[in-house]
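Me: I'm new to this one. Can you walk me through it?
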Amino acid sequence: MVSAIYILIAALGAAFFLGFLKDGMRATAFAVTLAALVFMNFVSAGWLWSFAVDAAAPVEILTAGFSPPFAINLRMGLTEASLTLLVSLSGLLSALYLKDVLLALGRRSMAVLLIAVMALCGIILTRDTFNLFVFFELASIATAGLVLLSEDERALSAGFKYMIVAQAISVFLLIGIIFSYHATGTLNIDGMADASTELKTGASIAFFLMFIAVVAELKPFPANGWALDIYESAHPAFSAIFSAASGAAFLYAADKLLHIGGAAWFPLATGIGIITFVAANLLALPQSNDRRLLGYSSIAQTGLVLAVLGQQDILGDRYLFVAGGLLLAHSIAKAGLYWLSGLIAGRALPDWAALRSRPLLIFAFIVFIAMLSGLPPFPGFYAKWELARLLAGDGRIALLALILFGALLEAGYLFRWFGYILKREQPAQPVVCTPHKLAPVIAAVAAGWALGYLWGDLSGHANLLLTVPLLFALSFLLLEWLPAWIKNTLAIAGMLAFFVLTYAEYDPLRLIFAVIILIGGPVIFLASYHEHGRRLGFYPAAMLMFAGLALLIRTGDSFGFFAAWELLTVGSYFLILRGKHSEPHALSYIVFSLGGAFLILAGFALAAQGAAQYDLASLGLLTQPLAPWVFMLLAIGFMTKTAAIGLHIWLPGAHGEAETDVSPMVSGILLKAGLFGLFVLLMSMGKQQLYGIELTHVLLWIGALSALLGNLMAIFEEDAKRLLAYSSIGQMGYAVFGLALMNHLGWLMALMFVINHYIYKSMLFLSAGGVAKRTGTRDMYRMGGLITLMPLSFIATLIGIIAVSGVPPLSGFGGRWIFYNAILTSDARLPMVVLFFAGPIAFLYLFRLIHTVFLGQLKDEHRKLKEAPFWIILPQMIFVVLLLVFAVVPGLALRRVDIYLNQFFPEGGLNWAGTTISSNYGYWNPVAIMIAVAVIFGSLFAWLLFVNRKAQKVKQFNIVFAGERPYRPETTHFAWNFFAPYRKALGFMVQPFVTRFWEGLTNLLHVAADLSRRLYNGNGQSYAFHFIAFVVVVHFLWTGV
Amino acid sequence: MIYIAMATGFLLILIGFYGALTNRNLLRMIVAFSIADTGVNLVIISVGYLPGRTAPILDTTVTAAAAATRIIDPVPQALVLTAIVIGVGITALMLAYALKLYEKKRTLDIAKFTELKW
Amino acid sequence: MEFDWMKIPYALLTLFIVVNYGFLLNALIQKIAARVGRRHGIPIWQNYVDILKNYGLRSSITHGAMFYLGPVFRLSGGVGLLLFVPAIYGSYMFSNLSFAGDLILALYFIFFGTLGMALGAGESGHPYAAIGVSRGLSQVTTSELPLALAVFSVALQYQTLSVTEIVAAQQGGILNWTLFTNPVAVAAAMLSFLGSMMRPPFDVVLAPQEIPIGPPTEYHSSYLALMQTNRALFPVAKIVIYMNLFFGGASDWPTFFLKVFLIYLWSAFVGVVFPRFRVEQSIRWFLIWAVPLGILSIILV
Amino acid sequence: MTGKSMIKRFLALLLLAGIGAMFASLLLAYVPDTDLNFTARYYAENTASDIGAANIVTAIIVTYRGLDTLGEVTVLFLASGIVGLVLSFGRKRDSTPRNLVPVGELLTTASQHLAPVIMLLGVYVFVNGHLTPGGGFQGGAIIASGMLLLLLSDPLKRFSHTLIATVESFSGIAYIALGLIGLVLAGGFLDSRILPNGILGELISAGAIPLIYSLIGLKVGAEFSSMLTSLSETEDL
């Protein structure tokens, strides 16, 4: 292998050689620069290959022919190789990106760039503290130089501010080094580490000064004003190097110093790191300039990695995996985002909507924010999982909570930004896409996926990129150019095939969920045939969601469960975001879901207590002090997905504003994921006590309240799809109530609701979508009398509301009957009162839906409407048939599950004698009821037909108003504010307390961020103040501690 | 006697910082920082001093054999040389920046360059 | 399917008896209410006259399918409710179709008729119908709640949901009627009974003067005839449930007629005294008075 | 003395009190060594035999810690490059030179006589780097001071940038070449034992140190003068 010293020699040789070239020969100068950078890449890649593949031992490189303490030595190990590769690769790609700027500024700027990359490689390789200082100074001067590449006038002042702080840093660093030398007698890092015992006695301050100077280069909070100004004003390609490469180099330098200081100094690194991580993310919330926002985010990520450096004692051999995963994910994503920002003219976040003209760049943006917020299948996800597992295993809960809170903030402002891109109007200037600017972005995306695969292999769990469902979903990315109907057929075929293949593995309970996901999904996909053209982005997102769902029900261990959970969250987010006005709602959905997901992560990490492999069944073995907390964390996490009251504010907007065929998918199928989670949780952990309160009892109350308030809020809704969305909250409240009853019939009722809710909610959403597509509006008071024009939609809605309200002949009654028997056996009485009240209320909004849309007067502008498109009607008719069949023969689905539930709750089951289903209390014969009702109904109908043979068909209009034409909607069929008296009586129960609470919380965060970012007042001198104050305060805190 | 050198070194650093933190004129800040640099160099030199010994130059009086007992610690002197040169480099750069900033806004007051904030 | 065909004619016989009894009972109760107001009141056979007139009318118009099905839903709701609950305890002849479902079926079957009526009224396109329906539904939510609670506490008390078993448990003397073994539940049920009988304190739904009889405004001729048969049948069917649950059921027709008359009188008794509530007042009245009684009954059982 | 600056001064004093406390604890904990620590003793005993340089500090700078010196030279190369970049950053090329007040007669004649002597002294210093105190950096600085004297005496005098740039680059590349030769022939990169050590104290001794140090001297002199010339060209703005 080529000795690593050649990295430095090549760079310096090229830089000096550039001096020879006359000013005119700039092209050759650029070629020389690229050649040097390529050579540096080649050397570091070679070493990385030899370490990673051949597992060679780290190599010491001696200079000046003398052994280390007396001369400077460099070391090339696995971490050094990967970091030098990262540095030189980002240097090469940025140099490529900067082609025209470098050619404009001449050979000196190329030399500065070369030396900057060489200095960073030097920082990584050197094992001598003073040599580290020299490379530090080289890097900071080169940074001050490279800031000038930017065409922004303000870069000059940013450079000067940086120089001021660099001077102060070099003062502390020099004093730290010289006194450490005096104490230990050597300048070599390894020498100092061995001599650390004497170091502790006299000159711990010396080490402190040295360490704080290195940490200051990592832009700790509050002393990082200068870094933000550089990020905002410098050329994006330089910012890419500054955040990715120099961040990594300085972090490794800090790691070397920690190696000297020993375990006593770890808490200091973690403290500074975690404060920087949370504070930077918080201050990023109100940012509107894209590069400054990226600056805050990169400071936050560097802080996170610094915090992880401080945890290397408990991370043990997983330390490189975790720190490496987080660092590489950050570097690649941040470099990619900065290169993207170079392509866009406007600097405000909404100006990035220009990306919409290039779908490939939008895909790149998605990859980058997914890497930053640690979503599967990228390295950040595996690293975050390992970190959480080890932190919780060692009992460092506060640190884990802070990390998750910061990560949630970051995900919040990144996805808000993505919402702007997709939804804000496109600015005038298009995206400038010259090949040498596109190549780095594509390289970053490719590197992201490659690392995702690599980290999957190293993670010790199943490599996500090899799971069949995810591969199937990602393959749709390649098929984007196909027309929509082909992709639709492929999706349906794929899901059905997957069901047939995995049919045998499901136990009866999981079989029900599998049927809903893998058979129910395709039925709803039938409705997607009505869309024409290519429908970019729909199928990958939808298949990602279904992949997550399919993995969720098949996985056994906590890692698989959590990975599937995040996959379906991300997939459903992209689906919901497709709606025209769904940007704010999709954002609240993703923030709530990720918040829930982080709670689940914390719950699993706590439960695992450090064990690498932890499967769901062993949740039950948890002992008393830990079990209730794990139960609470997981339950709240799952309930964010079933939109229990308090966590429900995202649902109405998300489901209401989604596209016609997305709403049924998201509300009919996705809500079941939350229920499945609760099933798994209650199956394994059963009843839990926390400070004497029975947690399942609390769940009972939450379920009952969600049912009541969900239904109540649905009554007063004017928008059809939002009404159905609120009703989903109510139905999910029923299901959670059933689950929390913790008895045989309660669970059976919950399962009955899972099936029923899927069928009628999808049907109602499809019919509401069909009506909205034809009439162009979703406001119910603008519709009316559509029964004559859209009879099939009417039938579907009629059957739907009969089923939802629980009126006898249809399957809804079955659910109610099981509910009654269940509560007879259970002892908790009071929540049932709330649920009895919720029952009839469901009836109110259902009637409002069908009355205001289909009955009453037909509006003039709707006279010539046609029936909803065929492909939207077809699934509705399938659901009608399904409902009727399920009403007559409920045993089809429930019988085997009933027997399966016996193993959890032996007594209280149903016996399925013939067609009558009887429990310990009552009996129910669905066939007899259906026949009796049909006979009575048929005979009376025949009798009326006989008596009324000559009935004359008359429109409602001419009788009541005798030709006069009412314009205001409320005069025709009282649709506007339909239940006005009800609002007078019970309006107080639907005041938006919860919405106000969550909005108040977000406003609080924004105001806090807005006030505290005033700290950076732009004055270079005050930045120096901040730095020195930071050193003094940290010193006295540290010595005081 | 060594303490005087080191104490004055530290004092110079404090004076340098005080000048940098209170003067708003760019050039005065640069001068203040160079004072701080000289202070640091002085401290580095004083760390290497051993009472009663001579400079690390081998000549007739200090023979190669007796060097170990006669000369002071040469390493800080080597380090200080590098530190001085780097100090000069940075000061030259800051002067160039100050010149260009003056050219832009015709003022040398650091508080006037706050267009990048929050 | 061991379904013996003899139940059909017996059920029809019960239906015939109850319908005629309903016509007479309604006329009688209206006559009593008139006499309280010092008016003479309608003749006893008045309902038969109305039915025959309506069936005889030739000209009838329909506003569409749902309008047509409205009264059919309504009447089949009434008939179904009657047939699913055993009228005469112990007699094979008059146990109707109670084998098909238990108490919950009866409770939820009440909604079947209401749903049909609401849909039909909606289709008629008359604003008064819509106003009446919205008032009716709002009121029914709170008026049903005490009944549901009372029924639940009775089910808890007797540990069964089958009506025949509940009636069997109450045999043997007045004292073991639910009235005496679980008085709070009966009180709550009787208050809720007021709400569902469309008598003055809670007749805002039909509100004869304000919105001419509310939902059925557009109905006439044979549709109205069907509804009138249901108006006779439905209250009696509901009272049968109350009678079986709370007042020991009836083992032969005379006690059946007497008990039904007395329970019906309770709602007339209250109706003639109190003026009409607005919808939100009735909702609040139920929530303040009837529902706490229901909750109490559940806790006490 | 506005209120704001009063607060700022007070805060500055407060902070410096904190820093002073840290330095004080360093100072008080400082105990001068009675004899050399093991690194310094190694240098003291082995420099003569290994490298043969009379000036141990030069031996450390050029050979033992050669990479530092290479880094240092790069720092200067970088600084002069960036100063050139900064000054040309958004500057109009064709600015007409203003006519300056003629410099005093005494300065012009004195500088014509003194400049060559100063240059000679500079060369002497960096050639004898391995024997007497001083070396490449000090010699280069002296040469630059000579250049400064010339510039002061005649501000409009233009020195050819290409000459300075070629001297700078040539010495840089030569230095690296020597380092490479050291890597190939002798023990490692920048090892000066590629030439015989010669007799201690002689001019031609201590291996390649004189050669390296003179190259450094030339490079430092060139870089300083290029910085000075770029700064002087801004005079005519």
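Predicted model: local features only at pLDDT ≥ 70, side-chain atom pairs only at ≥ 80, totals over all residues.

Me: Which chains have the most contacts between them?
Reply: Chains A and C do, among the four pairs of chains that touch.

Me: How many residues does each of chains A and C put into the contact?
Reply: Chain A brings 57 residues and chain C brings 63 residues.

Me: Which helix gives the most on the side of chain A?
Reply: Helix α38 of chain A, residues 926–947, with ten residues.

Me: And how do the residues on that side of chain A divide?
Reply: The side of chain A that touches chain C has 40 nonpolar, 13 polar and four charged residues.

Me: Which residue is the bridge partner of A:Q952?
Reply: C:I61, in β1(C).

Me: Where is confidence lowest in chain C?
Reply: In that strand, β1(C), at a mean of 80. Confidence in chain C is highest in helix α8, residues 183–196, at 91. Chain C as a whole has a mean pLDDT of 86, and 97% of its residues reach 70 or more.

Me: How far is chain C from chains B and D?
Reply: Chain C does not touch chain B; their nearest C-alpha atoms are 55 Å apart. Chain C does not touch chain D either, and there the nearest C-alpha atoms are 65 Å apart.

Me: OK, chains B and D. How many residues does each give to the contact?
Reply: Chain D gives 42 residues and chain B gives 38 residues.

Me: Which elements of chain D give two or more residues there?
Reply: α1 (3–29), α2 (38–51), α3 (56–64) and α4 (66–87) of chain D. The largest share, nine residues, comes from α4(D). By class, the side of chain D that touches chain B has 29 nonpolar, five polar and eight charged residues.

Me: What is the mean pLDDT of chain B?
Reply: It is 89, and 98% of the residues of chain B reach 70 or more. Helix α2 of chain B, residues 26–48, has the highest confidence, at 94. Helix α3 of chain B, residues 67–70, has the lowest, at a mean of 84.

Me: Switching to helices inside chain A. At what angle do α23(A) and α24(A) cross?
Reply: At roughly 165°. Helix α23 covers residues 508–526 and helix α24 covers residues 538–554, and their axes come within 10 Å.

Me: Are they roughly parallel or roughly antiparallel?
Reply: Roughly antiparallel, because the angle is over 145 degrees. The crossing of α23(A) and α24(A) is left-handed.

Me: Which residues meet there?
Reply: From α23(A), they are A:R510, A:F513, A:A514, A:I517, A:L518 and A:G521. From α24(A), they are A:F546, A:L549, A:A550 and A:I553. This contact has eight nonpolar residues, one polar and one charged.

Me: What about α29(A) and α31(A)?
Reply: Helix α29 of chain A, residues 662–685, and helix α31 of chain A, residues 720–740, cross at roughly 15°. Their axes come within 11 Å. That angle is under 35 degrees, so α29(A) is roughly parallel to α31(A). The crossing is right-handed.

Me: Which residues make that contact?
Reply: A:L671, A:L675 and A:F679 are among them on α29(A). On α31(A), they include A:K721, A:M732 and A:L739. By class, the contact of α29(A) with α31(A) has ten nonpolar, three polar and one charged residues.

Key: Residues numbered from 1 in each chain as written. Chains lettered and ligands numbered in written order. Contact = placed C-beta atoms within 7 Å. Helix = DSSP H or I, 4+ residues; strand = E, 2+ residues; numbered from the N terminus. Nonpolar A, V, L, I, M, F, W, Y, C, P; charged D, E, K, R; others polar. Pairing = 2+ DSSP bridges. pLDDT = per-residue confidence, 0-100. Axes fitted to C-alpha atoms, helices over the stretch in contact; angles between N-to-C directions. Parallel < 35°, antiparallel > 145°, perpendicular 65-115°, else oblique. Left-handed = near helix turned anticlockwise from the far one by under 90°.
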